[in-house]
Each structure stands twice: as structure tokens, then as C-alpha cells.
Amino acid sequence: MDMTQAIILTIITAATPLLLAAIGELVVERSGVLNLGVEGMMIMGAVAAFAIAQLTGSAGLGAIGGLVSGMLFSLLFGFLTLTLVANQVATGLALTILGLGLSGMIGESFIGLPGLKLAAIEIPLLSDIPFIGRVLFSQDPIFYTSIIAVFGVSWFLFKSRAGLRLRAIGDNHSSAHALGINVVRTRYLAVMFGGACAGLAGAHLSIVYTPQWVENMTAGRGWIALALVVFASWRPGRALIGAYLFGAVSIGQLFAQSRGIGIPSQLLSALPYLATIAVLVIISLNRRMTLINTPASLGKSFVPER
Amino acid sequence: MKLVSCALRKNASKLGESERCLSPGGDVENQQSEIPLLETRGLTKIFGSLRACDAIDLAIAPGEVHALLGENGAGKSTLVKMLFGVLDPSGGEILWKGKPVKIGSPGEARATGIGMVFQHFSLFEALTVAENIALALDGKVPIEKISDEARRLSLDYGLPLDPSAHVADLSVGERQRIEIVRALLQNPELIILDEPTSVLTPQEADKLFETLAKLKAEGRSVLYISHRLEEVQRICDRATVLRHGKVTGACDPRQETPSSLARMMVGGEVATVSGAGLGEPGEVLVEVQKLSAPARSPFAVTLKDVDLTVRAGEVIAIAGVAGNGQSELFDVLSGEVTVSDADSIRIAGVAAGRLGITARRLMGCSFVPEERHGHAAVPNMNLSSNLVLSRYASDRKTFLSGGWLGLINAGPVATATKRISSAMDVRKSLVDPMAGSLSGGNLQKFIVGRELDRQPRVLVVNQPTWGVDAGAASRIRQALIDLAKSGSAVIVISQDLDEVFEIASRVAVLNEGRLSRPEPVATMTRERIGLLMGGFHDGAGHPQPEALHAH
């Protein structure tokens with residue numbers, strides 16, 4: 001494996017959790033719900049995946065456990081904001097704080113243990129392609145899931161009737177209700193999908209990226225995913241570009257730091273954020289399209305009049 | 001679709017026969033023919049302590065256009081929301097073809113055979129026309145075919161639509177077409193239209209009436225909600241009148257006079273507004289020349305070369321269909337948005353294009369924006385605070401003390417609030433209630449009164465009587481005329497043609513950000529205004545190439 005391949009592999013590993021979490025949140029926000037608890041759901045996914053992998057001895061079960069725990073955690077958010085109509089911003093923030101604290105408590109006994117790594121799956125034939133084969137087709141299942149999720153969500157949102165309903169709810173929940181679309185049920189499903197994605201993204205951190213448990217190991221990735229959704233103007237393809245750009249610049253600046261380029265390291269550390277924001281802002285310069293893509297009822301609580 | 005409409009037509013002709021048979025006096029046929037398509041008995045809806053609908057009895061016969069008349073807040077919308085399954089009734093029953101039904105959701109209403117064209121809040125701006133239509137269908141038609149189906153149906157009913165256009169880019173009239181086509185795709189037997197013409201030009205309204213006639217000819221029934229008496233008399237077979245949630249009359253609108261219908265609606269005589277006594281206009285107070293302002297958002301309108309001269313003692317009305325630059329024009333006239341060329345707006349001879357609202361207020365101008373809540377008034381503050389918020393600068397000497405501390409003088413503010421309330425007959429339960437707790441009409445009277453109270457030299461009002469009951473509307477209009485009589489210049493931006501003809505001395509029409517030359521109201525006709533509204537800038541039916549292109 002040569003240097004370039006190694007770099008690309010690192011970039012993919014760095015980008016996958018961001019992409020997964022962003023795609024999940026994108027669906028949630030398209031339905032008009034703003035869940036700021038991505039970081040919390042991710043860290044819950046990370047600790048659950050690590051713990052279940054330890055206890056069962058199977059990293060695969062760990063990944064599934066991470067996904068399920070993220071989903072369950074998001075159900076708490078759904079219950080509070082959709083059923084009890086609590087404020088979405090405050091609830092999301094609380095979810096993050098709760099997740100960080102709860103995961104620290106659960107994970108206390110796992111600190112310092114060597115973790116299990118989720119095995120890569122080599123796709124027959126495709127993985128034999130020179131260069132690309134090793135980079136794209138000999139990866140862990142969570143990477144494949146993240147790519148499938150991008151195309152799946154894209155198809156779902158823009159080609160399927162259920163996706164159309166979801167976008168309609170995000171645009172105007174009162175009209176959607178008047179048309180007879182079940183706003184609350186759809187939003188529950190969207191929130192759960194977002195939770196599952198965030199949970200799996202967290203699992204990626206603790207059983208693929210760095211197979212170990214470290215308190216607060218998401219290190220703000222949930223927030224970056226949230227920002228990516230906005231800067232990608234709620235389009236899955238752009239979220240993919242954004243996540244990989246962020247991953248690439250993060251890895252690139254690490255290299256630059258190790259080579260001792262004469263730029264202050266603080267500035268280099270800020271580079272991924274600046275680059276991602278700059279590129280995605282340029283992509284979404286068309287204000288008309290951005291407005292059309294922005295879910296107009298984002299963050300607004302829905303109480304059906306009866 | 002063809003099949004069902006045939007069946008409907010057969011049904012209708014059978015009805016006609018039985019009516020003919022019965023004219024000598026056959027009771028059996030009579031009973032059969034009089035089973036209404038939809039009937040409500042004692043239908044009631046209670047919100048807290050308010051009986052929004054109180055024991056409503058309504059019967060709609062097959063193949064008739066039935067009007068539901070009433071003022072804003074009479075309970076019309078609540079009633080149809082119950083019929084369409086959006087609201088649950090608190091009491092009473094709904095019968096469909098003589099059988100009691102429970103309509104629990106809009107989906108059930110559609111399955112029953114009821115279609116609805118909403119007045120507000122039912123299109124999705126971010127979606128395309130085809131997607132909007134697809135959402136209302138229950139999943140049987142494949143999504144790719146909906147475009148073709150929508151195009152075909154829209155042409156059948158003379159309602160041309162481009163299925164791939166985004167709703168956000170369409171005019172209000174076009175949006176309404178989507179709603180109608182969407183309702184028709186479900187092949188309903190009863191179509192409910194909620195205030196459909198309030199947003200249309202007279203010509204667009206005529207088109208709509210043709211479509212309704214076509215629906216009626218197919219044997220469908222129409223429930224037509226309106227507060228416009230003239231069009232109800234023109235197209236409706238029967239009318240049910242609501243006031244304060246109760247039925248106050250059921251009649252054949254053609255047998256009634258507008259004033260008798262108005263009495264049923266309002267429950268008393270409505271004062272007539274008179275523009276008599278507007279003298280010769282005096283000095284020029286507002287001079288707008290070559291005023292252009294770029295659109296500030298993708299959905300806003302660009303103002304192009306607006307010219308307007310307003311003199312002391314006249315009321316200029318600016319007519320036009322919503323979304324043609326009304327709010328943009330108001331914003332630049334009031335100074336909420338400043339323009340780069342200071343000379344393009346001159347107030348009493350002073351270049352004012354770059355002055356803000358407060359500076360213009362200090363020059364003697366007053367402004368009443370369209371939205372009452374959140375723009376003209378803060379809903380969660382009481383009336384006196386709202387008074388101070390708008391007049392703290394112009395009435396600094398009276399309302400504030402303590403120099404730069406700007407302490408509010410409670411006494412004079414309370415006195416002024418009381419004076420305004422009694423001058424405009426603002427009805428309220430407390431001395432100084434929250435602005436948001438007043439009804440639309442009462443709050444509007446207070447807001448207009450708040451500005452009139454300082455005797456402005458120039459008053460600019462946007463939609464002064466939108467959503468205001470008839471009594472309050474006539475009071476507000478008379479107050480505007482009286483202000484002009486006292487020597488001020490008044491600019492009224494209004495979509496209501498009746499209002500325009502009632503109060504204006506000259507009329508100009510705003511279309512896609514262009515303002516037509518103001519003409520004396522005496523020589524203006526509705527047809528001419530309609531043509532100007534539709535972009536025929538010479539007002540004679542010859543479209544300018546550009547205007548054609550825009551449509």
C-alpha cells in the first residue's frame with residue numbers, strides 16, 4: 001500500500017462518521033425538526049458499540065448496538081419535542097449534555113481496554129481493481145452504509161412519494177396536516193432515522209476509527225455534522241462533498257503540521273472548518289435554490305388544531 | 001373521470017325530471033329529490049369559551065352553487081374545516097346523501113367526495129406544481145404520470161399550469177389554479193372554495209366563474225365562501241348567511257338586494273363612506289421620480305421606474321393584485337428600506353430617499369403597514385406601549401421626559417391612548433389591553449387612529465381594511481378621507497377595488513413592480529383597472545411585449 005492510498009484511507013475514515021451523522025440529521029431537518037442532540041446521540045452510539053462489542057466479543061453486534069442506542073436516544077428527543085411539544089433547541093442541547101454525561105458513566109469501566117475492530121469486507125472482484133479496489137472496496141461495513149445512505153436518502157427524498165410527504169411537512173406542516181398527512185408520525189420516523197445514523201456514526205469512532213473508549217471521544221463531530229447539513233443546503237450530495245472535504249483538509253493539515261510548515265498550528269487546525277464553509281457557501285450561492293431547499297418549518301413545534 | 005362525471009350528469013338530469021314531475025304536486029318525488037348532497041344539523045364548534053359555530057343547519061343540493069356568506073370571524077372557515085375533517089365538531093352531525101357520516105380527516109373527506117380549495121396555507125412553496133398535486137392524491141397514480149395528468153386536467157378546465165414550476169415563483173392566481181386542479185383530480189362531488197376571489201383580478205375571477213359553471217354543469221355541487229355580495233348574487237343559487245357563529249338567514253341571493261344581504265351579514269346598517277368634499281388638491285407633498293429598488297429576496301418584486309406625485313388634500317389609491325410590489329413600495333415610501341438615489345423620493349420638497357422611518361416621521365409623515373401583528377403593532381404589548389413605540393420621536397415632548405434618559409410619561413400616554421380609542425371607537429374589555437388580544441378590526445382602528453391622532457401631513461397605508469369587518473372598515477375609510485379633507489396627502493395601497501372606488505381621488509395600478517399613471521377615479525372603470533392589473537399597461541387590452549413575456 002503506497003502513501004497516497006494510505007492518505008485516502010485515512011480521509012475516508014475521518015469523513016465517514018461525519019457523513020453518516022449529517023445524512024441522518026439532513027432527513028430529520030427536511031421533516032422540519034431541528035435536533036441539536038447529534039453529538040449526544042453519537043457519543044451514546046460510541047459507548048454502546050464499544051460496550052456491546054466487549055461483552056459479546058462481536059464488533060458487528062457492537063455496530064448494531066450503537067445504531068439501536070442512537071435510535072432509542074433519539075426517541076427520547078422525539079417524545080419530548082413531538083408528543084410533549086417541548087422546545088426543539090433546548091431539548092436538543094439537553095440531549096447532547098445528557099449523552100456526554102451518561103456515556104461517561106457507562107464507559108467508565110471500559111477506559112483503557114483494548115477494543116475490537118470491525119472487520120473490513122472485501123467485495124469480490126471490485127476489490128481486485130488496482131488502487132481503487134483497496135481504497136473503496138476493501139472497507140468496513142459502516143463506510144459502505146454511509147455511501148448507500150447518501151444515494152438512498154437522495155432517492156427517497158426526491159423520487160419517492162414518502163420522501164415528498166416528508167419534504168412537504170418540512171416546508172409547511174399546517175398544510176401537510178390539512179392534506180391529511182400524519183405530521184407527528186412522519187417526524188418520529190425521521191427523528192429515529194437520524195438517531196440511528198448518529199448512533200452508527202458514533203459506533204464507527206469506537207470500533208473502526210480508534211477501537212477504544214475515551215470519554216468525550218466524539219470531540220465535536222456531532223456539531224460539525226450539524227453545520228454540514230446547513231452548509232450543504234439540505235442536499236445529500238453536497239453533504240457528501242462537505243464531509244469528505246472536511247476529512248481531507250483535516251488530514252492534510254495534520255500532515256502539514258508534522259512537516260513543520262511555518263504556519264501557526266492553531267490556524268492550520270482551523271483550516272478544515274474554513275475550507276468546508278468556504279466551499280459549501282460557494283456551492284449554495286444561488287439564493288433562490290437555497291431558499292427552496294431550506295425547510296421552512298424547521299424548528300417550529302407542531303400542535304394540530306382539533 | 002369521464003365515467004363519473006357522466007354518472008353525475010345523469011344524476012342531475014334525473015333530478016331535473018323529478019322536479020318537473022313534481023310541479024303539479026307529488027310528495028313522494030319531492031322527498032326523493034330533496035335529499036341534499038350534504039347537510040349539517042346543529043353543527044357546533046367550541047374553542048374555549050367561544051362558540052365559533054353554534055348549531056349550524058346547512059343543506060347543499062346536488063348540482064347547486066351554494067354561497068356561505070359572512071363577515072370575517074363569523075365562523076365560515078371553522079364550519080368548512082369541520083366539513084373537510086380538519087377540525088372535530090363539538091356537537092351536531094353531518095349527513096352525506098342523507099346518511100350520517102363522521103369526517104375525521106381530510107383524507108376521509110376526500111374519500112367521501114369532498115374537495116377543498118383553501119384560502120391560505122395549503123400549498124408548499126418549496127415544491128413544484130406536480131409535487132404539490134401529487135401530495136393530495138392518495139398514492140394510486142404513479143408520481144411520473146401526475147405531471148401529464150395535471151397538465152391535461154388543467155387544460156380541460158381552462159386553468160393552464162406548468163407542472164415543473166416551483167410554487168414560490170407563481171402568482172397568487174396561478175397558485176389558486178393548482179389548488180383547484182388538485183381538488184378536481186380527486187373527482188369530488190362537492191367542492192368547497194374558501195374566499196377564492198379575494199386574491200384575483202376581475203378578469204381572473206371571471207375565468208374562475210367559468211370553471212365553476214362548468215363544474216355545475218357536470219352535476220357537482222360547490223360551496224362558495226365569500227363576503228363579496230356582488231359575486232355571490234352573480235353565481236350562486238342559494239345562500240346561507242352566518243353571523244357570530246349562527247345562521248342568520250338562508251335565501252336565494254338573486255331575490256335579495258346587496259343591502260338586504262349586508263344587513264343579514266352585519267346585523268345592522270353599514271355607514272356609507274363619502275368622498276364628497278375633497279377639494280382642489282394643493283401643494284405637492286410627495287414626489288416620487290424614477291424610483292427603482294432591487295428585489296431583496298428571490299421571492300420579492302423589483303420596483304421599476306415608479307413615478308408618483310401626491311398633493312395635499314387628495315387620496316391616491318394604488319390598486320393591484322397582491323405580490324406585485326405593494327409591500328416593496330410601502331417599504332421604500334416609509335423608509336423601512338432606503339433607496340440609493342435620495343432624490344427619487346421627495347417629501348415636501350426635501351430629498352428623502354435615504355432617510356429612515358424616524359426621520360420621515362419627524363417630517364410629518366405617518367405609516368400604517370399591512371401586517372397588524374408584528375409590524376404595525378407588537379401583539380404582546382399593551383396599546384399604550386405600542387403608541388409610544390411608534391411615536392416616541394415625533395411626540396417626544398409629550399410622551400418622554402428626563403432628556404436623554406427618555407422616561408415614559410405614563411399620564412400623557414394614557415390620555416392619548418384613551419383619546420385615540422374613543423375617536424376611532426376601539427372596543428376593548430380593559431382600559432389598556434394587549435394589542436394581540438383585540439380583534440383584527442379593533443386593532444386596525446387603533447393603529448390607524450394612532451397615526452391620525454398626530455395629524456400627519458402625509459399618510460401612507462397598506463391594505464387599511466384587510467380582514468376587517470364592514471363596520472370598522474367604513475370607519476377607517478371615512479377617517480382617511482377626513483384626513484385628506486383637512487389638507488394632508490394620503491396614499492392608500494389596496495387590493496380591494498370597492499375600497500379604491502370609495503375613497504380615492506386618483507387611482508394608479510401596480511403590476512410587477514411598475515406603477516401605472518394615476519388617473520382620476522371619475523374616469524376609471526373596473527375593467528380598465530383589471531387590464532392594468534393584468535399587465536396591459538396602456539389599459540386598453542394591447543399587451544406590451546414585455547408584459548406578455550412576463551406571463
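What follows is a short exchange about a predicted model of chains A and B.

Trainee: What makes the radius of gyration of chain A agree with a compact globule?

Mentor: The globule rule is 2.2 Å times the number of residues to the power 0.38. For 306 residues that rule gives a value near 19 Å, and chain A has 19 Å, so the two agree. Along its principal axes, the C-alpha trace spans about 65 × 45 × 45 Å.

Trainee: How many of the residues of chain A count as buried?

Mentor: Of its 306 residues, 49% do. To count, a residue must have 20 or more other C-beta atoms within 10 Å of its own. As for contacts in chain A with a separation of 6 or more, 80% come from residues 24 or more positions apart.

Trainee: Why is the set of 157 residues called a nonpolar core?

Mentor: Because its members are buried residues of the nonpolar kinds listed for a core, joined through C-beta atoms within 7 Å. Ala22(A) and Ile192(B) have the most contacts inside this core. Helix H9 of chain A, residues 183–209, contributes the largest share, 15 residues.

Trainee: Which residues does Ile192(B) touch?

Mentor: Leaving aside residues up to four places away in sequence, Ile192(B) touches Val80(B), Leu83(B), Phe84(B), Ile114(B), Met116(B), Val117(B) and Leu223(B).

Trainee: What makes S9(B) and S10(B) a pair?

Mentor: Pairing needs at least two bridges. Strand S9 (residues 238–243) and strand S10 (residues 246–251) of chain B are joined by five and run antiparallel, so they meet the criterion. One of the bridges links Ala239(B) to Cys251(B). The two strands form a hairpin with two residues between them, and in the turn His244(B) has a positive phi of about 50°.

Trainee: Where in chain B is the pLDDT below 50?

Mentor: Residues 1–32 are one such stretch, although it has 26 contacts in the model beyond near neighbours in sequence. Residues 539–551 also stay under 50, with 17 contacts beyond four places in sequence. Where pLDDT is low, predicted coordinates should not be read in detail. For chain B as a whole the mean pLDDT is 82, and 86% of residues reach 70 or more. The model scores ipTM 0.81 and pTM 0.71.

Methods:
Residues numbered from 1 in each chain as written. Chains lettered and ligands numbered in written order. Predicted model: local features only at pLDDT ≥ 70, side-chain atom pairs only at ≥ 80, totals over all residues. Buried ≥ 20, exposed ≤ 12 C-beta atoms within 10 Å, placed from the backbone. Helix = DSSP H or I, 4+ residues; strand = E, 2+ residues; numbered from the N terminus. Contact = placed C-beta atoms within 7 Å. pLDDT = per-residue confidence, 0-100.
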